[in-house]
Amino acid sequence: MFADADKGSNQFIEIIEKLGTELFGDKNKGKLVFIFVNPVTMQVILSHLGIVSLKTNSKKINASIIEELTGIENYDAKDEQIEELIGKIHYSNYPTMKNNIRLLSSDYKKVPSTNFMRFLDYFESDDVSWIDDIINQITKID
């Protein structure tokens, strides 16, 4: 699952714990399958294009940063703006994104932060035992 951490809010924690409880019988197990970005997923998207440190999920506040990196003026998530922005994401800038998100904290309470790099390392590994490790942890009855 991929979600915005909403500044590490209690609501975000409640959602993860509720999913952990409902899906795996333990509130602490939800975090094993949750990819988060704090404050907003736009952090990862823009990280393909440069070093970014978003402090808010406000489109209005982030619009100048988006324009600086993409040339898209007055970004407010209109369909054509989203299409133009996503059109700037390519395999060739994937390494840039990885390098840039490595600079971020992985503590969901910090802004900006994400644990996405942990999952990218898993997804790119030839060793798939991490999947079994997660399955074992979420199915283990304490």
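This is a predicted model: local features need pLDDT of at least 70, side-chain atom pairs count only at pLDDT 80 or more; totals for chains, interfaces and linings use all residues.

Residues are numbered from 1 along each chain as its sequence is written, and side-chain values use heavy atoms, with hydrogens and water left out.

User: In what order do the elements of the chain run from the N terminus on?

Analyst: Helices (H or I, at least four residues) and strands (E, at least two) are DSSP runs, numbered from the N terminus. The chain has seven helices and three strands. From the N terminus on, their order is β-α-β-α-α-α-α-β-α-α.

User: What percentage of the residues in the chain is buried?

Analyst: A residue is buried under 20% relative accessible area, exposed over 50%, and partly exposed in between, using a 1.4 Å probe and protein chains only. The chain has 142 residues, and the buried share is 39%.

User: What share of the contacts with a separation of 6 or more is between residues 24 or more positions apart?

Analyst: Contact means heavy atoms within 4.5 Å. Among contacts in the chain with a separation of 6 or more, residues 24 or more positions apart account for 55%.

User: How many salt bridges does the structure hold?

Analyst: Side chains of opposite charge can pair when their charged atoms come close. A salt bridge is a side-chain nitrogen of Lys or Arg within 4 Å of a carboxyl oxygen of Asp or Glu. By that definition, the number of salt bridges in the structure is four.

User: Why are Lys18 and Glu22 separated by about one helical turn?

Analyst: The side chains of Lys18 and Glu22 form a salt bridge, with N to O at 3.9 Å, and both residues are exposed. An α-helix has 3.6 residues a turn, so residues three or four places apart point the same way. Lys18 and Glu22 are about one helical turn apart because they are four residues apart in helix H1 (residues 10-24).

User: Which parts does the salt bridge of Glu124 and Lys98 tie together?

Analyst: The closest N and O atoms of Glu124 and Lys98 are 2.8 Å apart. Because Glu124 lies in helix H6 (residues 116-124) and Lys98 in helix H5 (residues 94-102), the pair ties together parts 26 residues apart in sequence. Glu124 has 38% relative accessibility and so counts as partly exposed, whereas Lys98 counts as buried at 15%. The two parts are helix H6 and helix H5.

User: Which residue forms a salt bridge with Asp121?

Analyst: The closest N and O atoms of this pair are 3.7 Å apart, and the partner of Asp121 is Arg102. The pair links distant parts of the chain, 19 residues apart, with Asp121 in helix H6 and Arg102 in helix H5. Asp121 is partly exposed at 37% relative accessible area, and at 46% so is the residue asked for, Arg102.

User: What is the volume of the largest pocket?

Analyst: On a 1 Å grid over the protein atoms alone, a pocket is an open set of points where a 1.4 Å probe fits, with protein on both sides within 12 Å along at least five of seven lines, and lining residues have an atom within 4 Å of a point. The largest pocket is lined by 13 residues, with Ile13, Ile16, Asn28, Lys31 and Tyr108 nearest its centre, and H1 gives the largest share, three residues. A volume is the space filled by probe spheres set on the points, which are joined across faces, edges and corners. For the largest pocket the volume is about 270 Å³.

User: Which residues lie nearest the centre of the second largest pocket?

Analyst: The second largest pocket has a volume of about 200 Å³. Its lining has 14 residues, and those nearest the centre are Val40, Met42, Lys59, Tyr75 and Ala77.
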